[in-house]
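I opened my notebook to jot down what I looked up in this one. Here is the structure first, then my entries.

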Amino acid sequence: MIDRRTFLNLAAASVATSSIASCSGTERRPAIGVPRSPFDDHSTAEQVTAGVDLSGKLAVVTGCTSGIGFETMRVLAMRGAWVVGTSRALQRAEAACARIKGTTTPLQLELSNYDSVIACANAIRSINLPLDILICNAGYWAAGGQRMLANGVEKHFAINHLGHAVLVNRLLGRLYMSRQGRVVMVSSRAAYRNAPERGIEFDNLDGSVDYADRRAYGQSKLANALFSLHLAKLLKGTRITSNALHPGVINTELFRDEGRLFKAAISAATSLGFGKTVEEGAATSCYVATSSLLSATSGEFFEDCNAVFVAGDNHLHDEAMAEQLWQVSENLTGQYLVSHTGPDFNDFERAARKRQAHKK
Ligand SMILES: NC(=O)c1ccc[n+]([C@@H]2O[C@H](COP(=O)([O-])OP(=O)(O)OC[C@H]3O[C@@H](n4cnc5c(N)ncnc54)[C@H](OP(=O)(O)O)[C@@H]3O)[C@@H](O)[C@H]2O)c1
């Protein structure tokens, strides 16, 4: 017999997990050809990076001020990386960086403002080092059912997808210069659970035809996964990899605007073992960003530190949709993008010349 409190907790947990990340109607199996890790849903970011030396490496973590991003930044810095952490408010990024040991640089980044994205990318480029790890972690989750727009498209799509797409574009030249650059897109199971049935609704990107918070979030997370899939295709033959992941269900600030019941449900899910702690929630990001087993793995979707193929009625691995998304995203952000054919040595050379001139 279970008591009333346990029953209520179980009910609440089931609501939370089905709302955020249930996987009914889908079958997840190990992705073929990707090395299996010994880690699982309860491995922590510290455990998956034990013995990894990131000294001399430059990493960027967007959304470093709380939740998964903060823990990701903390552990990468602990392993020796120089980590750039971003926030919409520079002061919050500074405070987050001040709370951890290691070398960090706080920067301002508002993903719904593409001028801010460019300024942030330029500040990262001015560090004048190859970029080894770019973790697109920052995320927005609305509650209240009110459709909001940014740059003419629905706000989840603008922030979670398009802002990061511009950032990746602006930093590709530096990733090319790394011995093995890695792009990590923090997506979600919502990409195949809550996205619209027909996938990305290219004819409803402003949500004017039909809008629901969860679906809009799911669509933006599907866009994260498809963006990574097509980027991996474009980067084939280079030393840069691109992968996407679901971090788990974690009780973070993401749900700050949700009601008490929803928050209680998330807490219950975590305490009953359906969810993860923040330390566990950052594990897959840290694993995908650093594991030597994955230096040639690209275009995959990870959950619980292993690549999965999600069968069933969803668009997670839909290459045609990924290509269409790429083209549509380029059309929407074209004026903010630069074209790349390889490493951008120019800035480095300019900086080196400046240094020499300064010495004379
Ligand atoms: N928590 C979960 O259960 C869960 C499940 C699946 C996927 N995810 C994904 O995991 C990632 C991290 O989420 P979290 O749970 O750690 O949430 P969180 O604690 O709310 O962290 C989100 C981060 O994103 C930043 N951010 C929010 N809006 C932004 C914007 N417009 N421009 C730039 N940065 C912005 C926030 O920084 P500032 O507020 O300081 O700007 C914050 O550091 C997200 O992409 C989320 O979709 C989370």
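Predicted model: local features only at pLDDT ≥ 70, side-chain atom pairs only at ≥ 80, totals over all residues.

I checked arginine 193 and it counts as buried, because it has 23 C-beta neighbours inside 10 Å (buried means 20 or more other C-beta atoms within 10 Å of its own, with C-beta atoms placed from the backbone). Arginine 193 sits in helix α7, residues 190-193 (helices are DSSP runs of H or I, at least four residues, and strands are runs of E, at least two, numbered from the N terminus).

Residues are numbered from 1 along each chain as its sequence is written.

Next I went to the loop between β10 (301-303) and β11 (306-312), where I found aspartate 304. Its phi is near 50°, positive in a residue other than glycine. Cysteine 305 is in the loop between β10 and β11 too, and it has a positive phi of about 70°. I noted that most residues other than glycine have a negative phi. Aspartate 304 is buried because it has 21 C-beta neighbours inside 10 Å, and cysteine 305 is buried with 23 other C-beta atoms within 10 Å.

Last, I looked at helices α8 (residues 213-234) and α12 (residues 319-333), whose axes, lines fitted to C-alpha atoms over the stretch in contact, come within 8 Å and cross at roughly 95°.

How values were computed: Buried ≥ 20, exposed ≤ 12 C-beta atoms within 10 Å, placed from the backbone. Axes fitted to C-alpha atoms, helices over the stretch in contact; angles between N-to-C directions.
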